[in-house]
Every structure is written in C-alpha cells, then in structure tokens.
Amino acid sequence: MAGLACANYLHRAGRPVLVLEAADAVGGRVRTDVTPEGFRLDRGFQVLLTRYPEVERLIDYGALHLKAFRSGAVIRLPDGKETTLQNPLQQPVAAFSALTSRIGSLPDKLRIVSMVQHVRRFTSQQLLSRNSTNEQDTLSFLRQYGWSEQMIQNFFRPFFGGVFLDRSLSTAANFFEFVFKQFVEGEAVVPALGMQQIPEQLAARLPAGTIRLNTPVAALEGTSVRLRNGETLHAAAVVLAVDGEAAARLLPAANTAPTLAWRRTTCTYFAAPAAKGRPDKLLRLNASPTALAHNVAFPSDVASAYAPAGQRLVSVSTHGEHGLSEADLTARLRQELTDWFGPEAAQWQHLRTYELPYALPEYPAGQPARQSLKVQGHLYRCGDYAAYPSLNAALASGREVAEMLLAS
Ligand SMILES: Cc1cc2nc3c(=O)[nH]c(=O)nc-3n(C[C@H](O)[C@H](O)[C@H](O)COP(=O)(O)OP(=O)(O)OC[C@H]3O[C@@H](n4cnc5c(N)ncnc54)[C@H](O)[C@@H]3O)c2cc1C
C-alpha cells in the first residue's frame, strides 16, 4: 500500500515510476484469495475504517462498493453470556445505558461520552502527534483515565485488542486515541469483492507495464537495484516500500526501525450454511482471557460475494502466539465455537488457516508516529513500520516520500 501510494502520487505529478513487487500480485498484507468453491478469504481478518484521512484522500470509495459492518459488537463475557453493544462509540449514552452493569459502571459510561468529546476536538494528525499519550501504553492510559477493570476486561481488551492484535494493550496510547476517533466518526467496511480490491484500485491507475510482479529485489547499492534474477536497474531515486523485516535486510544497519518486533495473528476460516433471517452484521468479541477464538466475524453477512450462494463465511481470529499445530488449533476453536454458537458449529467445514507472524509492527509507548523517511542520497523508505501499524500510516508515508521527491 505504501509503495502503490507513492507511485500513484508520483505518476499523477507526471514522473515516470517502476514498481518492483516480489509477490505474484499487489497488496502486500492486503490480499484476498478466492477458493475453488468461491469463498473470498482475506489473508487475515481486516477492515478499512472509512474516515482514515489518507484513505479518503486517495481511494475512490464508490468504485469499491464498500459494505459496512454495523457499528458495535456482540461481546461474549467470561461466564458465557452475551451482551450487544450497538453504536457504542457513536451513540454512547444509548448504547451503554441500555446495558446492565456487566460491561462497566455508570461512571464508565460517562467516561465514554467524555472520551468521544475529547477525540472529536482534535484532528487525527493532532492525536497521533500528542507526546503525552505517546509516552504511555494504552492500558495505563485507560487506568489513569479512571475506567474500571471490568470495563477494561469486557470492552477495551476484546475491542481494541482486536485492532492492535494485542490484548495486553501495550500499544502506545496516541494510536489508541487515533483509532478511537476513527470508530467514533466513521464505519468499518470491506470492499464488495475483498480487501485486495483496495491495492488493485491503486495499481490500475498506473500505466501498463509500470508494475513488475514476481520480481524480488536482492540488494540495493545506492540508487542501483539488484534483482534476485541477477538483473541490475538504475534509477534517479529509489523508494524502499517493503515491510520492516525486509527493510532490515535491505537497508544500511543504521537506518532500520528502532524495534522490529511484530504482532502476530492467526485467521481460521470455516464454511457454514447460510444464516436464516436478517444478519445483524455485528462483530463477535470474546472477553474470556483464556479463549483462543478472540473475535469472530461473518464477512459474507456484510458482503455477500465473500461466500457462494447458500453458504456463510466464518472468520475466527486468534491473536498472539498460540503454540498449537493447525489441526489442534482448529479442534480447539471448533469446541469453543460449539459452546458459543451451538451444536451446529461442530459441523462447520474448515476452509483454510492463515498464520500471520508478521501482521503488524509493534508500536510501543515512546515510539514516534513518524520516523525519518529519507535514508541517504536519493534513497527513501516508506511503510507502516516507519510510522504506526495501520493502512493509514502506509499510505501517509508513501505520499510523504512522493512529496519529498517532487520537491527535490
Ligand atoms: C491480519 C491483518 C489485519 C490488519 N488489520 C488492519 C486493519 O483493520 N486496519 C488497518 O488500518 N490496518 C490493518 N492491518 C495493517 C495493514 O494491512 C498494514 O499496515 C499495511 O498493509 C502495510 O502496508 P505496507 O505497504 O507498509 O507493507 P506491506 O503490506 O508489508 O507491503 C510490503 C510489500 O513489499 C513487498 N516486498 C517485500 N520484500 C520485497 C523485496 N525484496 N522485493 C520486492 N518486493 C518486496 C511485499 O511483497 C509487499 O507487497 C492489518 C494487517 C494484517 C496482516
């Protein structure tokens, strides 16, 4: 996404670009596989938040036929009971006052209202740039704000732990505020035909021949690029738009990110018979600290092309290290899903498991929301690892590098 954004802005300004992509399609971490039966499997459950400033700036929403999840979630509490939050961040008074005290106390509900007002007062960029919250992790920020442990366990850990892929909530709190604002002001959507439609849209705007797929770069020497096939290319400028892991291999040591730790997640897909009745289009979150099924979504309830006719796609995310083989994880998930959704879940057909050890770069307290993008001479870098773990960051860093090149 970072490289395609950069190439798009340069092309718009009339500069010639060449994009070298190691994989067999564009998208990087935003890919969708179509199975022979006709399921569309995003490589890890992922959504687009419609108010991301960089996405609004670059992406044509109409052409993607976006399909929205309903704002809110069904939360399974540790005792197995469920509670539904509708519009918790958009209409907090209504959402939380309708609940029993099981999610949080009355003061917690008032705090949600004040947090909503707080994030509305700032732009997204101002929230990301706040030093005071950048220096704190999300958990200590929430505790300092005064929220009860019950509210943290039953709402913040499952909800934001799913966004950060980090239920410990050790992610820096300025990113929490930024994401909170996105949920307050926008929607969580997927393109009708899967998340890969987003990078495909950017790729389609570039002239034919601009993108070379299956072309891994082996080494950089100044502004010369050596490909794995032995070919060497020379350019006026080079933008390294790879993930943090590949950047560490290709860049001079002094220019790698300060931390190269990752958040991992596992996405297990099942096929179920189509649901009867109208779907609620809500995410399912599990507040149990011992569960492996951390969140469950039914993407085909939201975007019907995610499953063939008569079927329903079930996406189950397990964040962090689970230490199980695929077969053992699937069996454990099936047991949990049966307890959660009833005996019919025992019959759901396992489709595929995606292990994503490099899903998101860690973004701990104290890490700046924007690292230097100029490496040396005419060599630049972009990507989420140089900022914070989000599509918005990938696109922003790509745009900023394009602007630097256009100004030089
Ligand atoms: C499961 C999951 C869920 C997520 N959920 C969300 C979400 O809900 N909202 C959100 O905003 N973000 C989410 N993200 C994060 C988001 O997808 C990333 O922040 C973003 O896609 C990163 O883009 P990037 O361009 O920085 O890096 P990447 O997507 O990693 O792209 C790097 C590219 O470089 C290529 N490459 C690597 N090495 C070489 C080489 N040697 N030669 C040539 N090419 C090379 C790769 O093939 C890839 O195409 C999620 C990510 C995952 C995996």
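Reader: Let's start with β14. How many bridges join β14 to β17, and do they run parallel or antiparallel?
Author: Nine bridges join β14 to β17, and the two strands run antiparallel. Keep in mind that this is a predicted model.

Reader: Noted. Which residue is the bridge partner of threonine 266 in β17?
Author: Threonine 266 has threonine 318 as its bridge partner in β17.

Reader: And what about β14 and β18, how many bridges there?
Author: Nine bridges pair β14 with β18, in the antiparallel sense. In that pairing, threonine 265 stands opposite leucine 356 of β18.

Reader: OK, zoom out. What's the strand order in the sheet?
Author: The order is β7-β6-β15-β16-β17-β14-β18, seven strands in an open sheet with mixed pairing. β7 (82-86) and β18 each have a single partner strand, so they stand at the edges with one side left without a neighbour in the sheet. From one strand to the next, the twist averages 20°.

Reader: Which helix packs on the sheet?
Author: That's α14, residues 326-341. Helix α14 touches β6, β14 (262-273), β17 (311-319) and β18, and its direction makes about 60° with that of β14.

Reader: Switching to the ligand. Which residues come nearest?
Author: Gly28, Gly44, Asp243, Gly383 and Ala394 come nearest, out of 30 residues around the ligand.

Reader: How does the shell divide into nonpolar, polar and charged?
Author: The shell has 18 nonpolar residues, eight polar and four charged.

Reader: Which helices and strands supply at least two residues of the shell?
Author: α1 (2-12), β18 (349-361) and α15 (391-407) each do.

Reader: And where does the ligand lie relative to the domains?
Author: It lies between domain 1 and domain 2, because both of them give residues to the shell around the ligand.

Reader: Remind me how the chain is divided into domains?
Author: Domain 1 covers 2-31 + 196-259 + 368-407, domain 2 covers 33-50 + 63-69 + 187-195 + 262-361, and domain 3 is 91-185. The C-alpha centres of domain 1 and domain 2 lie 30 Å apart. Their contact takes 13 residues from domain 1 and 13 residues from domain 2.

Reader: On the domain 1 side, which helices supply at least two residues?
Author: α11 (197-204) and α12 (244-250) each do. The largest share, three residues, comes from α11. By class, that side of domain 1 has five nonpolar, four polar and four charged residues.

Reader: Last one, the hairpin of β10 and β11. Which residue in the turn has a positive phi?
Author: Glycine 222, with a phi of about 60°. There are two residues between the strands of that hairpin. β10 (residues 217-221) and β11 (residues 224-227) pair over four bridges in the antiparallel sense, and valine 217 has leucine 227 of β11 as its bridge partner.

Methods
Residues are numbered from 1 along each chain as its sequence is written. This is a predicted model: local features need pLDDT of at least 70, side-chain atom pairs count only at pLDDT 80 or more; totals for chains, interfaces and linings use all residues. A residue is near a molecule or strand if its C-beta atom, placed from the backbone, lies within 6 Å of it. Ala, Val, Leu, Ile, Met, Phe, Trp, Tyr, Cys and Pro count as nonpolar, Asp, Glu, Lys and Arg as charged, and the others, Gly among them, as polar. Domain bounds come from an automatic or database domain assignment. Two strands pair if DSSP finds at least two bridges between them. Axes are lines fitted to C-alpha atoms, for helices over the stretch in contact, and angles run from 0 to 180 degrees between N-to-C directions. Two residues are in contact if their C-beta atoms, placed from the backbone, lie within 7 Å.
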